[in-house]
Amino acid sequence: MRTFLNLLRMSLAASFAGVFLASTAQAAPANWEVTERSGEVSVETGGVVAPAERGLSLNPGDVVETGEAGRAVIVRGAEYVILSPRSRIRIAVPEAADQTTQISQAFGSAEFRIGKKETGSFGVKTPYLAAVVKGTEFNVTVSDAGARLQVTEGKVEVSTLDGGASDLIVPGRIARVDAGDRQLLVVLGTDAKNIRSPFPAEAGTRSDASSDDTSNAGGQGSAAKVKPVGVFKPLPTGGQ
């Protein structure tokens, strides 16, 4: 399976090298598109679920879900997302109050490759955390136990939602926030550490993430709403 993913990444990188050069003088494509699929992969549009087909253009609000052995790749220009089995994402609908979030990830594992952005940001929202980047490669995994982020290229500053615990995550390190202890930022890998927020935990509060598809953490179909427990933001790359 790793060999398949490595070959897929190499193929995507080679394809997007030409796409990037061709797109520098024109605006980025507006829609994501399903370019690869295997196994059970479905797309939900306006409440109607149908098998995903290669070349299918995705609109805001569309949901892509993979089955037990399903995998999918969605592409927008030189950016891509690889969905692992048993994963579910929604293409976010732009809102005046939230122009950053572009993907909502309800459960499962997804690998993101986002090009460097001179203006604006790319955001991923889960039931437990939000990731905001200018351009990097990272993986987000969500379950009912919490969420974790691993950076494979670039660097991301990770913090608990209240900002009380934070650290710099680079390749070789993993950040994790558990649903059972949302004030504790766990850093694994190089220079492993636990960082606890000094601020008291808030009880009975909910986040905007509970109002969209991300409320279904872990794919359990639970109606319970959860509060995001971490915030990711990129750091400047120049001079560091």
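Predicted model: local features only at pLDDT ≥ 70, side-chain atom pairs only at ≥ 80, totals over all residues.
Trainee: How many aromatic pairs does the structure hold, and what is the geometry of W32 and F122?

Mentor: The structure holds three aromatic pairs. Planes under 30 degrees apart count as stacked, over 60 as edge-to-face and the rest as tilted. The ring centres of W32 and F122 are 6.4 Å apart with planes at 70°, so this pair is edge-to-face.

Trainee: Where do W32 and F122 sit, and are they buried or exposed?

Mentor: W32 is in strand β1 and F122 in strand β10 (residues 122–125), so the pair links distant parts of the chain, 90 residues apart. Strands here are DSSP runs of E, at least two residues long, numbered from the N terminus. Buried means under 20% relative accessible area, exposed over 50%, and partly exposed in between (1.4 Å probe, protein chains only). By that rule, W32 and F122 are both buried.

Trainee: Which residues have the most contacts inside the largest nonpolar core?

Mentor: A nonpolar core is a set of buried Ala, Val, Leu, Ile, Met, Phe, Trp, Tyr and Cys residues joined through side-chain atoms within 4.5 Å. The largest one here has 38 residues, and strand β9 (residues 101–114) gives the most to it, with four. The residues with the most contacts inside this core are F112 and F138.

Trainee: How many salt bridges does a search of the whole structure find?

Mentor: Side chains of opposite charge can pair when their charged atoms come close. The cut-off for a salt bridge is a side-chain nitrogen of Lys or Arg within 4 Å of a carboxyl oxygen of Asp or Glu. One network links D167, R173, D191 and K193. The search of the whole structure finds twelve.

Trainee: What is the N to O distance between R88 and E65, and how far apart in sequence are the parts they tie together?

Mentor: The R88 and E65 side chains meet in a salt bridge at 2.6 Å, N to O. R88 lies in strand β8 and E65 in strand β5 (residues 63–66), so the pair ties together parts 23 residues apart in sequence. R88 counts as buried at 13% relative accessibility, whereas E65 is partly exposed at 27%. In short, the two values are 2.6 Å and 23 residues.

Trainee: Which residue forms a salt bridge with E68?

Mentor: The closest N and O atoms of this pair are 3.7 Å apart. E68 lies in the loop between β5 and β6 (71–76) and its partner in the loop between β7 and β8, so parts 18 residues apart in sequence are tied together. E68 is exposed, at 61% relative accessible area. The partner is R86.

Trainee: What is the phi of R86?

Mentor: Most residues other than glycine have a negative phi. R86 has a positive value, and R86 lies in the loop between β7 (79–83) and β8 (88–91). R86 is partly exposed, with a relative accessible area of 44%. Its phi is near 55°.

Trainee: Which residue is the bridge partner of V156 in β15?

Mentor: Two strands pair if DSSP finds at least two bridges between them. Strands β14 (residues 156–159) and β15 (residues 166–169) pair in the antiparallel sense over four bridges. They form a hairpin with six residues between them, and G163 in the turn has a positive phi of about 80°. The partner of V156 is I169.

Notes: Residues numbered from 1 in each chain as written. Heavy atoms only, no water. Phe/Tyr/Trp six-rings, centres within 6.5 Å; stacked < 30°, edge-to-face > 60°.
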